[in-house]
Amino acid sequence: MRSSRRRLLVPVALLSAALLTPALAAAEDGRGPGSVVPETSAGGAGTIEVEVPPEEGAPGGYRDVDPTPATQDPDALRGDARAGRVDGKVRPLAKTGTSRDRLDVVITGDGYTAAQQDDFRADARARWKQLTSIEPYKSYRGLMNVWMVQAVSRDSGIDRDRDTNPGNVNDKRTALGAYFWCDGLERLICVNVNAVRRYAKKAPQAELAVVVANSDRYGGAGYFQGVRGLTGVATLSSDHASSSEIGSHEIAHALGKLADEYWTCGSCALGSTREVGPPNVTVHGSVTYLRDHRRKWYRWLGAADPSGGTVGVHQGGMYVARGIWRPTESSIMRYLGEPFNLPGREAMINGFYRYAQPVSSNVKGGKAIGRKKRIKLRLASVGALGRLQVRWYVDGREVRKARGRTSASPAALGVPGRGRHTVRVKVVDRTTAVRSPKIRKNASRSISWRVR
Ligand SMILES: [Zn+2]
């Protein structure tokens with residue numbers, strides 16, 4: 001089976017023969033581009049799709065690669081007391097709440113020896129800080145727990161670093177098998193996904209993994225879908241400042257279900273007029289159509305966008321130059337270093353709240369409680385974009401004087417001493433970065449209790 005992604009690329013001259021492809025159908029069931037479709041060739045050797053990060057003068061793209069390149073021999077560390085002590089050790093980088101109510105991100109390092117684990121943790125902190133320095137990551141860091149999982153490598157640095165000959169392996173033996181020149185591309189850092197998963201699983205409820213590869217050369221990759229147990233894996237180099245942007249972009253595929261807004265084929269068009277799945281691309285190249293039929297980002301049309309200009313329809317995206325439209329001229333889904341556009345930002349917030357809750361409570365919802373029981377809420381900490389609103393209800397009626405309170409008892413809310421009553425609290429993120437009622441609902445939580 002050939003790469004499904006490449007079937008999206010239909011030369012314009014062949015358009016008359018173009019039909020809906022399986023890849024497009026896949027996009028419509030929510031997988032979307034940016035997803036990785038594991039394949040098994042006739043020979044039985046599976047490959048996995050990775051996104052090549054764009055760089056100046058060269059767009060990104062996709063390659064089928066080996067999902068399990070060689071890692072170090074596990075026995076190589078045996079007898080090294082220091083390695084045995086620190087390998088697999090989990091440390092929090094940011095713990096903001098219970099994992100049940102948080103998006104849990106794992107950062108692991110490759111090409112760091114036992115003696116370099118301080119270095120790994122410093123690199124992990126620096127890259128994560130930079131990766132989340134743009135909105136909406138910045139405002140919503142409080143919805144994430146970030147764990148550092150130490151992976152001890154026998155050698156320092158990763159394979160094929162500083163090597164301009166892609167055929168020449170440097171024989172670095174590392175825990176996660178990371179290497180430059182993956183599939184002949186210098187900046188493409190591939191990794192052993194099984195090894196990544198093994199380390200990631202040591203952290204509580206890991207949902208996303210970021211691999212920091214010990215190097216100062218620009219590079220990285222995105223693995224999405226098919227990495228069992230993880231929504232996505234992004235790789236990036238540890239000491240190149242721009243590498244963090246690869247992570248910001250790749251995580252957007254996994255969390256926001258966003259499509260790429262660039263194209264790799266200037267003479268290609270989408271081979272179908274059926275609507276596509278991702279929230280930031282459409283086959284309808286008309287503002288009027290989107291508005292009249294309430295499709296895609298119609299709520300944002302005409303709004304001033306953080307990337308400059310206003311939200312409209314711009315042709316080109318999802319790897320082809322024609323037959324597909326994106327919301328803005330530029331965005332992080334087209335060029336690294338650019339901001340998210342408004343529809344992309346909203347989709348990301350939706351993604352954060354798929355894994356995280358705006359509020360947690362000291363008393364479990366659904367329980368029967370006494371009138372004097374003190375309920376304490378813990379609101380997620382949200383930055384400039386977020387706006388959490390707290391409202392309390394007794395038997396379905398709002399107790400207006402209790403608005404905004406994060407602590408209350410049924411008695412204080414006015415629950416009478418007789419009869420059966422219910423207390424409910426609802427926390428909604430009223431951020432102006434969300435306009436869809438469905439996403440607003442996802443960005444909220446209600447908890448209720450029976451009062452005995
Ligand atoms: Zn991408």
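Reader: How many bridges join strand β12 to strand β13?
Author: This is a predicted model. Strand β12 covers residues 314–317 and strand β13 covers residues 319–326. The two run antiparallel. The number of bridges joining them is three.

Reader: Which residue in the turn of the β12 and β13 hairpin has a positive phi?
Author: The hairpin leaves one residue between its two strands. Its phi is about 50 degrees. That residue is Met 318.

Reader: What is the bridge partner of His 314 in β13?
Author: Strand β12 spans residues 314–317, so look across to β13, residues 319–326, with which β12 pairs by the definition of at least two bridges. The partner of His 314 in β13 is Arg 326.

Reader: Why do the buried residues of α4 line one face of the helix?
Author: Helix α4 runs over residues 193–200. Its buried residues are Val 193, Ala 195, Val 196, Tyr 199 and Ala 200. Seen down the axis of α4, they line one face because they fall within an arc of 160 degrees.

Reader: What covers the buried residues of α4?
Author: Strands take part in the cover. Among them are β3 (46–52), β6 (103–110) and β7 (144–149). The cover also includes β8 (208–213), β9 (220–224) and β10 (232–237).

Reader: Leaving aside neighbours within four places in sequence, which residues is Val 196 in contact with?
Author: Val 196 is one of the buried residues of α4. In the largest nonpolar core, of 109 residues, Val 196 is among those that touch the most other members, with Ile 189, Ala 209, Val 211 and Phe 352. Its contacts beyond those neighbours are Thr 108, Leu 176, Val 191, Ala 209, Val 211 and Val 233.

Reader: Is strand β4 largely enclosed or largely open?
Author: Strand β4 spans residues 61–65. Four of its five residues are buried, so β4 is largely enclosed by the rest of the structure.

Reader: Which residue in β4 is the bridge partner of Val 50?
Author: β3 and β4 run antiparallel. Five bridges join them. In β4, the partner of Val 50 is Arg 63.

Reader: Which residue in β19 does Lys 376 stand opposite?
Author: Strand β16 covers residues 375–379. Two bridges join β16 to β19. The residue opposite Lys 376 is Ser 407.

Methods:
Residues numbered from 1 in each chain as written. Predicted model: local features only at pLDDT ≥ 70, side-chain atom pairs only at ≥ 80, totals over all residues. Core = buried A, V, L, I, M, F, W, Y, C linked by C-beta atoms within 7 Å. Buried ≥ 20, exposed ≤ 12 C-beta atoms within 10 Å, placed from the backbone. Contact = placed C-beta atoms within 7 Å. Arc of directions from axis to C-beta.
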